[in-house]
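Trainee: Could you walk me through reading this model?
Mentor: Gladly; let's look at it together.

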Amino acid sequence: MSEIFTDVAVLRIDVDPVAENPGLEASDAGNDVEPSPAAGQKVPLTAIEPDSAVRGGIVVLHESREIPESLLDLLRALALEGWLAVAPDLFHREGSRNNDDGSDDGGDDDKGDEVFGDNLFADFDATFDWLTARGVYPDSVGVIGFDDAGTAALIVATNRPVGAAVSVAAGGILEPLNCDAVALTVAAPSLKAPWLGLFGEDDPKAPPEHVEALREAATRASVATNVVTYSGLRHQADAAPSLGSAEDLDPALAALAEAQLRIFDWFDSFLR
C-alpha cells in the first residue's frame, strides 16, 4: 500500500515576479525565469496514491488543523479503491495559534474559523489543478467534506466542474454558517454535480426537519441527489471501521460501515 505523503498546490493567481522576489532584477522579469511561488501562494496537501492505476481523484475537505487518524484512514481507503485522494489545508493562510512564549492563545487546537467564499474556491481550484497535472481527467474529480467542510463540499459542487460530491454531517442547512457561506437549502437547487448527503438522525446540528427541508431542496437540482440519515448516529460518519461484514457490528458501527460503502458506491457510479 502506498504511503501518505505531503505536497503543495499552487494557487491560480497572477504574481509580480519582482515584487515576490526582491532579488530578481526588473530586467529579468520578462525573461524565462520563473521564480518559485511564495509560501502564501501554495496550498499544503496531504495525499496518497493507489498502488493500481489511478481511476480519478477525490478532494477531501476537512476543518482540522491537523488531519485526524480517521481521515487518514479514509484517504487510505479511497486509495485502495483506486482513487488519488488528497486533502488540502484550508487554513494555510492563518498564522500559528501559539504566542511568542510558546503558549496557546486559548483557541481550539483542532479547528479554525470555517473557510468559505473566495478562499475556499481558490484552494479547491489549486487542488483540482494538482490532480489534473497528474493525469486525472477533470470529470473524474470528486469532492467530499465532513462537518462544516461538508457544507463546503456542497457549495463547491454548485460552482466548480466536479464529477460527484459527498457531504457528511454538513451544517448550515437553513441558516448560513457565516457571511461567506450560503444556507444549504438555498445552494442545493444549484448543484451541478451529483450530490450525496449523509446525516445522523440524532445529530443536534442537523435536526430531522432541517434534513427533510434539504432533501426537498435537493430534488430541484438538475443532477442526481440523495440524502440519507442513519439512526443511532449523533454526528458524522467519517470514522468508519474497517470494512467487512457489518453483521458482527453493533448498529452504530454497522451504520458507519454502510455509510462508507455508500460513499464509495456514489463515486463509483458518477466518476468515470
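Mentor: Let's start with a term: a residue is buried under 20% relative accessible area, exposed over 50% and partly exposed in between, with a 1.4 Å probe and protein chains only. The model is a predicted one, where local features need pLDDT of at least 70, side-chain atom pairs count only at pLDDT 80 or more, and totals for chains, interfaces and linings use all residues. Residues are numbered from 1 along each chain as its sequence is written, and side-chain values use heavy atoms, leaving out hydrogens and water.

Trainee: What share of the 272 residues in the chain is buried?
Mentor: Buried residues make up 46%. W83 and F267 are both buried.

Trainee: How do I read a pair of aromatic rings?
Mentor: Such a pair is described by the distance of the centres and the angle of the planes. Here, rings of Phe, Tyr and Trp (its six-membered ring) pair if their centres lie within 6.5 Å; planes under 30 degrees apart are stacked, over 60 edge-to-face, and the rest tilted. That rule gives four aromatic pairs. One of them, W83 with F267, is edge-to-face, at 6.5 Å centre to centre and 65 degrees between the planes.

Trainee: Which parts does the pair of W83 and F267 tie together?
Mentor: W83 lies in strand 4 (residues 83–88) and F267 in helix 7 (residues 251–270), so the pair ties together parts 184 residues apart in sequence. Helices (H or I, at least four residues) and strands (E, at least two) are DSSP runs, numbered from the N terminus. Another pair, F124 and F128, is tilted, with 6.1 Å centre to centre and 40 degrees between the planes. Both F124 and F128 are buried.

Trainee: And how should I read a helix with a buried side?
Mentor: An α-helix has 3.6 residues a turn, so residues three or four places apart point the same way. In helix 6 (residues 208–218), the buried residues are V211, L214, A217 and A218. Seen down the axis, they fall within an arc of 120 degrees, so they line one face of helix 6; the arc is that of the directions from the helix axis to the C-beta atoms. P208 and E209 are exposed on the other side of helix 6.

Trainee: What do the buried residues of helix 6 pack against?
Mentor: They pack against helix 5 (184–187), strand 7 (195–200) and strand 8 (225–230), where contact means heavy atoms within 4.5 Å.
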